[in-house]
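I wanted to look up some strand pairings and a couple of residues of interest.

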Amino acid sequence: MDKSWLIPAGALALAALTAGCSSVPYAQRVQQRQAAYAAAAGAPVRSFSYFSLYSWEPLSDTELAVYTRPNQAYLLDLGGCQDLMFANAIGLTSNINQVTVGFDKVLTGRHNFPCTITGIRPVDVKSLKIAQEKQRRIEAATRSAAPPAAKN
């Protein structure tokens, strides 16, 4: 019996459980991430140098953050990318180590069409990390010294 579907199903169940543990709704967290990247993104550029993909983060079916180094990222606008939010891996096309708007594509899987890159904006990773730290701050209050009231 083919049980290859168990791994993706288990991963989805785990993602759903961990997403449910947060006090902030999923849609709100996604909007916060999109807003943080948009605020940290600079003016559009025509291309960027690409030697390897360090990391990536899908923000929607039309936006993708790619890191070429730990402190160098780009926000890519896409013309719509099927299953980007659920992709396990991606690839980028390039020509002579350059990813160019309108020419290069994001690859999300064997059965999906390549996604054309319609815009590239460099991301100020330092300001993005500051914005992320602000979102992670916890409001703390001291407890009173009085013992808890007894229940009747």
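Before the first entry, a reminder to myself: helices here are DSSP runs of H or I with at least four residues, numbered from the N terminus. I also keep in mind that this is a predicted model.

**Entry: Val-125.** I found Val-125 in helix H3, which covers residues 125-136. Buried or exposed? Val-125 is buried, because its relative accessibility is 3% and the cut-off for buried is under 20%. Leaving out residues up to four places away in sequence, I listed its contacts: Tyr-67, Pro-70, Asn-71, Gln-72 and Ala-73. I also checked Val-125 against Tyr-37: the two sit 88 residues apart in sequence, yet their C-alpha atoms are 8.9 Å apart in space.

**Entry: strand E8.** Which way do E4 and E8 run relative to each other? They are antiparallel, with six bridges between E4 (residues 72-78) and E8 (residues 115-123). In E8, I see Arg-121 opposite Leu-75. Next I looked at E7 (residues 105-107), which also pairs with E8 in the antiparallel sense, through two bridges. There, Val-106 has Cys-115 of E8 opposite.

**Entry: Thr-68.** I placed Thr-68 in strand E3, residues 63-69. Its relative accessible area comes out at 9%, so I put Thr-68 down as buried. What does Thr-68 touch, beyond residues up to four places away in sequence? My list has Phe-48, Ser-49, Tyr-50, Ser-52, Tyr-54 and Tyr-74.

How values were computed:
Residues numbered from 1 in each chain as written. Predicted model: local features only at pLDDT ≥ 70, side-chain atom pairs only at ≥ 80, totals over all residues. Heavy atoms only, no water. Pairing = 2+ DSSP bridges. Buried < 20%, exposed > 50% of the residue type's maximum accessible area, 1.4 Å probe, protein only. Contact = heavy atoms within 4.5 Å.
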